[in-house]
Amino acid sequence: MKQLQSFEYQLYDDISQLEEKDAALLQAARTVTAEAYAPYSNFQVGAVIRLVNGQQVSGTNQENASFPAGICAERTALSAATVLYPNVPIDTIAISYHNLNGSSGHPISPCGICRQSLAEYEQRLQQPIRLILSGQSGQVYVIAAAGQLLPLSFSAKDME
């Protein structure tokens with residue numbers, strides 16, 4: 001028997017079509033990319049989290065000459081949010097990038113490790129995390145829940 005796994009997302013032509021609070025969050029993610037430490041890849045990523053209490057937490061990718069010792073922007077932001085605001089659910093995370101070697105005009109999606117981390121954060125705090133994905137310009141994707149990016153995910157329930 002075949003099964004189909006799919007999800008829906010909203011597509012916007014550019015940041016101007018977003019609601020004001022989402023546009024501000026995405027602009028913050030675009031801006032914070034400049035703080036990334038990416039001397040090896042020249043691919044700067046910024047993530048800004050808006051918690052349900054209205055607070056914001058930022059993160060950037062941090063590379064290291066001892067590959068793969070670096071950490072992605074999404075997990076940097078998740079770690080900071082967990083320490084600064086324990087057990088406060090995330091409402092939305094905006095993720096942007098600046099490719100110093102090429103185009104930055106289309107949305108990108110979190111890597112597999114970040115997808116797993118976001119999905120587990122959702123499960124742990126029982127709150128879907130909206131994602132706003134875009135480059136420095138161009139189209140914007142809005143996804144209702146991070147877990148949608150990781151179908152058939154592995155979770156703590158699998159170890160029971």
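Let us start with cysteine 114, which counts as buried because its relative accessibility is 1%; buried means under 20% relative accessible area, exposed over 50% and partly exposed in between, with a 1.4 Å probe and protein chains only. The model is predicted, so local features need pLDDT of at least 70 and side-chain atom pairs count only at pLDDT 80 or more, while totals for chains, interfaces and linings use all residues. Residues are numbered from 1 along each chain as its sequence is written, and side-chain values use heavy atoms, leaving out hydrogens and water.

Staying with the cysteines, the structure holds 0 disulfides, a disulfide being a pair of cysteine sulfur atoms within 2.5 Å. For cysteine 72, the nearest cysteine sulfur belongs to cysteine 114, 3.7 Å away. Cysteine 114 is in no disulfide either, and its nearest cysteine sulfur is that of cysteine 111, at 3.7 Å. Cysteine 72 counts as partly exposed, because its relative accessibility is 22%.

Now for the interior. In soluble globular proteins, nonpolar side chains tend to be buried together. A nonpolar core here is a set of buried Ala, Val, Leu, Ile, Met, Phe, Trp, Tyr and Cys residues joined through side-chain atoms within 4.5 Å. The largest has 23 residues, and Ile49, Ile93 and Leu131 have the most contacts inside it. Two or more residues come from each of β2 (43–51), α2 (73–84), β4 (90–99), α3 (112–125) and β5 (130–134); helices (H or I, at least four residues) and strands (E, at least two) are DSSP runs, numbered from the N terminus. Another core, of 12 residues, lies apart from it and includes Ala23 and Val142.

Beyond its neighbours within four places in sequence, aspartate 22 is in contact (heavy atoms within 4.5 Å) with Arg50, Arg130 and Ile132.

Finally, arginine 124 lies over the face of tyrosine 121, at 4.9 Å from the ring centre. A charge sits over a ring if NZ of Lys or CZ of Arg is within 6 Å of the ring centre and within 35 degrees of the ring normal.
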